Amino acid sequence: MRALLSGRASERVRASERIRAVGPPVAAAGVALALLSGWTAAGGAGRQHPVEAGPGWLLLPTAGGSTATAAFFTIRNPGDVPDELTGASWEFGGRITLKRHRHQGASGRWEPVAALPVPERGELAMSPEDADLMITSPPALRAGQWVEFTLSFRHSPDLKVRAEVVPPGGRRSG
């Protein structure tokens, strides 16, 4: 009987030692979970902010030249969640294609893409060397004219922006 009692006492001592050994890490994990939950609930983690863009520019098609042109914008994402430009339209209607230049050594080619990434706390800076909005069969445009676009995103609401028509070689900075 005495052996049975000492066995139970021994088990209680070992259980008590295990609780003392794992108690602090488990308590620390619980506190960390509570703090992270509060931080997330207060909007501190993974904040989604709508993307922003200033005025862009639109390349004036050359007379007798191409039947397409391109528009360029710099889109900023102030949030902690990446977004994507998924489409665009403009005041004249017609087809607008998102496209990106794919570099292959010293050469490359343009190809349509389904979306253009706008990284968290970063920007998508469209340029003739990287990405743009290709516009097929644009109406007659004139240098200095302002044109309205609507940009569509995966997570952010649609964004209305304007672009100034500029002649080849007359690209605005920014």
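Hi everyone. What we have here is a predicted model, where local features need pLDDT of at least 70, side-chain atom pairs count only at pLDDT 80 or more, and totals for chains, interfaces and linings use all residues. Residues are numbered from 1 along each chain as its sequence is written, and side-chain values use heavy atoms, with hydrogens and water left out.

Let's start with the overall layout. The protein has one helix and 12 strands. Both are DSSP runs numbered from the N terminus, with helices being H or I of at least four residues and strands being E of at least two. Of the 174 residues, 29% count as buried; buried means under 20% relative accessible area, exposed means over 50%, and partly exposed is in between, using a 1.4 Å probe and protein chains only.

Now, which strands go together? Two strands pair if DSSP finds at least two bridges between them. Strand S5 (residues 83–90) is joined to strand S8 (residues 116–118) by three bridges, and the two run antiparallel. Glu 84 has Pro 117 as its bridge partner in S8. S5 is also joined to S11 by five bridges, again antiparallel, and there Ser 89 has Thr 150 as its partner.

There is also an open sheet of three strands, in the order S1-S4-S9, with antiparallel pairing. Its edge strands are S1 (52–53) and S9, each pairing on one side only. S4 and S9 share four bridges, and Arg 76 is partnered by Glu 123 in S9.

Next, the inside. A nonpolar core is a set of buried Ala, Val, Leu, Ile, Met, Phe, Trp, Tyr and Cys residues joined through side-chain atoms within 4.5 Å. The largest one has 31 residues, and those touching the most other members include Leu 58, Leu 133 and Phe 149. S12 (159–166) gives the most to this core, with five residues. Take Leu 133: leaving aside neighbours within four places in sequence, its contacts (heavy atoms within 4.5 Å) include Ala 70, Phe 73, Leu 85, Met 126 and Phe 149.

How many aromatic pairs does the structure hold? There are four. Rings of Phe, Tyr and Trp (its six-membered ring) pair if their centres lie within 6.5 Å; planes under 30 degrees apart count as stacked, over 60 as edge-to-face and the rest as tilted. The centres of Phe 73 and Phe 149 are 5.4 Å apart with planes at 75°, so this pair is edge-to-face. Phe 73 is in the loop between S3 (68–72) and S4 (74–77), while Phe 149 is in S11 (residues 146–153), so the pair ties together parts that are 76 residues apart in sequence. Both residues are buried.

Last stop: is Arg 121 buried or exposed? Arg 121 counts as exposed, because its relative accessibility is 60%. You will find Arg 121 in the loop between S8 and S9 (122–125). Its C-alpha atom is 5.3 Å from that of Asn 77, which is 44 residues away along the chain. The side chain of Arg 121 also makes a polar contact with the side chain of Asp 80 at 2.7 Å. A polar contact is a pair of N or O atoms within 3.5 Å; within protein, one must be able to donate a hydrogen and the other to accept it, and residues adjacent in sequence count only if both atoms are side-chain atoms.
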